[in-house]
Amino acid sequence: MFSFLTDLRCSRCGTRYRADVVQGVCVCGAPLLAQYDLSRLADESSRAVFANRESSLWRYHELLPVSREENVVSLGEGMTPLVTLPRLGDRLGVPRLLMKDEGTIPTGSFKARGAAVGVSRAAELGVRGIAMPTNGNAGAAWALYAARAGLHALIAMPERAPAICRGEVSSAGAELYLVRGHIGDCGRLINAAVARRNGLQEVSTLKEPYRLEGKKTMGIEIVEQLGWTMPDVIVYPTGGGVGIIGIRKALDELVELGWLSGPLPRLVAVQASGCAPIVKAFESRMRESSPWPDPNTVAFGLNVPRPLGDFLILDAIYTTNGCAIAVSDTELLAAQRETANAEGALVCPEGAATIAAIGILRERGQIREDEVVVALNTGAGIKYPETLHATAPILEPDGEIPATV
Ligand SMILES: Cc1ncc(COP(=O)(O)O)c(C=O)c1O
Ligand SMILES: [Zn+2]
């Protein structure tokens with residue numbers, strides 16, 4: 001069997017839904033989570049089968065929702081490098097620091113994972129078009145994968161989102177609207193448009209079940225790349241939270257399969273101080289967040305004032321003894337430069353936020369020196385030219401470069 005998907009379960013009330021028809025959220029409003037026949041998979045297979053598979057996230061197809069191989073829509077996404085950061089790690093006092101580098105993936109961000117799996121499954125279930133609000137990278141990825149699948153894409157993004165993303169969406173031939181507002185405002189506009197049009201599925205963050213399944217493969221890859229062992233800490237830049245919820249889901253499934261053991265890593269949600277609803281909720285030990293007024297950060301993917309899955313993000317943090325921490329734009333931009341000059345890795349601002357956060361957590365003693373810490377760089381730094389500044393003298397053709405610096 002290509003997929004061991006059985007059905008969907010509400011993350012809040014537990015109600016079960018069929019998985020062989022298009023579904024959105026539960027009647028109670030909460031996200032639906034894909035369920036797999038893990039006991040049968042454990043009987044019929046083992047983790048050893050992955051070793052000889054293709055180097056993409058589809059190597060884990062049994063744990064993904066697409067039922068037939070020919071329905072996979074792929075640009076070769078997944079199996080991104082888990083790179084060592086020895087110099088930066090020494091500076092931060094975390095010598096076993098690793099970075100899962102999603103900057104190398106098609107469309108330049110980890111959003112390709114959710115888009116590949118979400119678009120493949122939507123097309124397999126007969127969806128003709130998708131509609132979504134986005135902070136930029138998700139819209140770019142879904143528009144491009146929709147183009148590959150031959151689906152229409154309707155995308156609304158804040159006017160202030162990174163300019164490259166609107167170029168990507170337009171190049172893909174999608175229907176794009178720029179909104180004078182934040183992602184929540186885009187979401188309301190998309191929701192109203194879907195109600196008025198026929199044949200569009202709303203694929204907003206956690207409003208359909210399969211984007212999460214694509215994102216969870218980051219968690220499977222990390223432990224496979226570590227020889228099927230858990231790291232001590234995973235540090236994730238959190239906006240809508242799909243990645244952190246997905247990583248936790250993946251690790252839980254692997255433990256249930258008996259393919260992984262030990263306590264889950266402490267999951268750390270990093271946000272920007274200009275938009276930190278999860279950090280605020282965590283600091284007062286709340287189970288849900290409240291909307292962040294006037295969200296604003298250069299790490300645009302983190303500009304989510306009220307994530308739909310807030311209770312799932314907070315649950316992932318609490319149950320793994322993790323934490324949530326905010327860093328300022330100044331701190332994350334400094335970390336972006338430091339990561340590039342110490343390690344040659346040009347990370348996106350959201351990824352840089354995890355590096356800044358690791359420094360602070362180490363200083364506070366919340367990360368120990370001997371721990372294996374995985375930072376998620378969720379996208380390529382070159383997608384954010386507005387955060388990269390060059391200072392260089394201008395020379396005339398007959399000028400001279402100094403003999404020494
Ligand atoms: C580069 C980048 N990092 C992180 C995030 C946040 O992702 P998540 O929704 O998984 O929290 C986004 C979302 O737009 C993003 O584009
Ligand atoms: Zn429910």
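**View 1. Helix α6 and the largest pocket of the predicted model.** The largest share of the lining of the largest pocket, 5 residues, is supplied by α6, where helices (H or I, at least four residues) and strands (E, at least two) are DSSP runs numbered from the N terminus. This is a predicted model, in which local features need pLDDT of at least 70 and side-chain atom pairs count only at pLDDT 80 or more, while totals for chains, interfaces and linings use all residues; side-chain values use heavy atoms, with hydrogens and water left out. Residues are numbered from 1 along each chain as its sequence is written, and chains are lettered from A and ligands numbered from 1 in the order in which they are written. The space in the largest pocket comes to about 750 Å³, and among the 44 residues that line the largest pocket, Ile183, Thr205, Gly240, Val304 and Pro307 are the closest to its centre. On a 1 Å grid over the protein atoms alone, a pocket is an open set of points with protein on both sides within 12 Å along at least five of seven lines, a cavity is a set where a 1.4 Å probe fits but cannot get out, and lining residues have an atom within 4 Å of a point. Grid points are joined across faces, edges and corners, and a volume is the space filled by probe spheres set on the points. At least two lining residues each come from β6 (129-133), α4 (137-149), α6 (183-196), α7 (211-225) and β10 (233-237). By class, the lining of the largest pocket has 18 nonpolar, 18 polar and 8 charged residues, with Ala, Val, Leu, Ile, Met, Phe, Trp, Tyr, Cys and Pro counted as nonpolar, Asp, Glu, Lys and Arg as charged, and the others, Gly among them, as polar.

**View 2. The second largest pocket.** This pocket has a volume of about 360 Å³, and of the 16 residues that line it, Arg9, Leu33, Gln35, Lys249 and Asp252 lie nearest its centre. Two or more lining residues are given by each of β3 (32-36), α8 (242-257) and α10 (310-319), and the largest share, 6 residues, comes from α8. The lining of the second largest pocket divides into 7 nonpolar, 2 polar and 7 charged residues.

View 3. The structure holds 1 cavity of 30 Å³ or more, and the largest cavity has a volume of about 60 Å³. It is lined by 13 residues, of which Ala122, Leu125, Gln201, Glu208 and Tyr210 are the closest to its centre. Helix α3 (residues 111-124) gives the most to this lining, with 3 residues, and the lining as a whole has 8 nonpolar, 3 polar and 2 charged residues.

View 4. Distant parts of the chain are linked by Cys10, in strand β1 (residues 5-10), and Cys26, in the loop between β2 (16-18) and β3, which are 16 residues apart.

**View 5. The two open sheets.** Strands of a sheet pair through backbone hydrogen bonds, either parallel or antiparallel. One open sheet has 6 strands in the order β4-β5-β13-β10-β11-β12, with mixed pairing, where two strands pair if DSSP finds at least two bridges between them. Its edge strands, β4 (82-84) and β12 (323-327), each pair on one side only. Strands β5 (residues 97-101) and β13 (residues 373-377) run parallel and are joined by 5 bridges, with Met99 standing opposite Ala375 in β13. Another open sheet has 4 strands in the order β8-β7-β6-β9, with parallel pairing, and its edge strands are β8 (175-179) and β9 (200-202). Between β6 and β9 there are 3 bridges in the parallel sense, and Ala131 has Glu202 in β9 as its bridge partner.
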